Amino acid sequence: MENFVFHNPTKIIFGKKTIPLIGAETTAFGTKVLLVYGTGSIKKNGVYGQVMGSLLAAGAEVFEHGGVQSNPVLSHVHSGIEQARRNGCEVICAAGGGSVIDTAKAIAAGVLVNHDVWKFFTGKKSLKQSLPLTCVLTLAASGSEMNSGMVLTRDGTRQKFGFANRHLYPKVAILDPETTYSVPADYTAYGAVDALAHVLEFYCTSQKSAPVQDRLMEGLAMNAMESCLAVLSSPDSYSARSNLMWTATLALNGLTASGLGKVGCPMHLIEHSLSGLLNIPHGAGLAALMPGWLRFFTQHNSVRLAQFGRRVFNLQGNTEKATATAAIASITQWLDDIGAPTHLADLGILQEQFYALAAHAQALARIWRMREYSEEQIRTILELCHPGG
Ligand code: NZQ
Ligand code: ZN
């Protein structure tokens, strides 16, 4: 195992009827609160009323910044920063999924600097501080509720970049699985795909086997797949909803990668060009890339995926390559079973779009220092994600 520092400062409050705690948890950092939320789901499912009621009961003065779109955009962050500054907000509270929490993180980071928050994403500025952030999670997917990352799309150029910094961890995250009863089947599936992708990328790209992390990741992958199927067949199952929610949080909170040394996230690198340029849901993009990317990866290294196949799916091929290939078939079958895409044509993406997508992804590869991903290499992967690839 490689040396590592694991320091995740986010306080998690998990379970039924926990939303009423958000007021006291938030006002512990200040009473002027910017409440960030999306395009309407929290008003329909009652989360907005619970959050607002709790904040007001705790003595907060609440300023609202709703309307965050899925695949959130920079311009909406800019208006949130203006609003937070105008009203002297001391703390940001997010209620929603990854897009809402990422927008809230970007506002929290942008309020305290006099340059464009986008400069953090392009690596031109380093983040030294941000406003405190609390959140109520409503969608099991991104892991943003307990990690230091944020992902934003720049209007106009449609560059979708991610940035991580220790000042971006939420102070407190409330995870009430009951908030996810209203998540439709497609987004439930996309969320589980996102969690599986977070696990698979680290699992496959780690150079060595690390017993604790491997078992942890195998368990999370199994839970992501099983709990997603359980939610889709019994949408009102609290047990299934809570397993999926906690799995997605643990899949990207820094724990799985600790001790693995250098790991990469090439599927995410390429996916950000799909959701950035074409505005498709993040998890749908990952699903369409997953079998093709795994095929590409196992051309060079089948050992890790073969181990995954043996332990997660109980597969036993004659060779490592055969076991890895069988693992890809099992993952593809699961994607099919949950109604997720399995190749790019399922999303209406044509081969002539591959040049633009590869150029976009390569720009991010430079920033993420994944220079081995040339445009040509990325186009090769995209071809493998095309039917027949
Ligand atoms: O607009 P609202 O009303 O919030 O509706 C959302 C949206 O339409 C809806 N939804 C959320 N909770 C719901 C609900 N609908 C009914 N009931 C509920 N309880 O679901 C739709 C998708 O929401 P969104 O927040 O966009 O999804 P997700 O959580 O998957 O977040 C996606 C964003 O996170 C980024 C992605 O790139 C994408 O931009 N990621 C962030 C990461 C991070 N910060 O660490 C890592 C991830 O890999 C990912 O890249
Ligand atoms: Zn993701």
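**Note on the zinc site and salt bridges**

1. At 17% relative accessibility, E25 counts as buried (under 20% relative accessible area; exposed is over 50%, partly exposed in between, with a 1.4 Å probe and protein chains only). The side chain of E25 meets that of K11 in a salt bridge of 2.9 Å, N to O. K11 is partly exposed, at 42%.

2. This is a predicted model, in which local features need pLDDT of at least 70, side-chain atom pairs count only at pLDDT 80 or more, and totals for chains, interfaces and linings use all residues. Residues are numbered from 1 along each chain, chains are lettered from A and ligands numbered from 1 as written, and side-chain values use heavy atoms, without hydrogens and water.

3. The whole structure holds 6 salt bridges (a side-chain nitrogen of Lys or Arg within 4 Å of a carboxyl oxygen of Asp or Glu). One of them joins E178 and K17 at 3.1 Å, N to O. E178 is partly exposed at 24%, while K17 is exposed at 62%.

4. E218 and R311 form a salt bridge of 2.8 Å, N to O. E218 is buried, with a relative accessible area of 3%, whereas R311 is partly exposed at 33%. Shared partners join R215, E218 and R311 into one network of salt bridges.

5. The zinc ion (ligand 2) is coordinated by D194 (OD), H198 (NE2), H268 (NE2) and H282 (NE2), at 1.9 to 2.4 Å. Donors here are N, O and S atoms within 2.8 Å of the metal (3.2 Å for Na, K and Ca); water is not among the atoms, so sites may look incomplete. Both D194 and H268 are buried.
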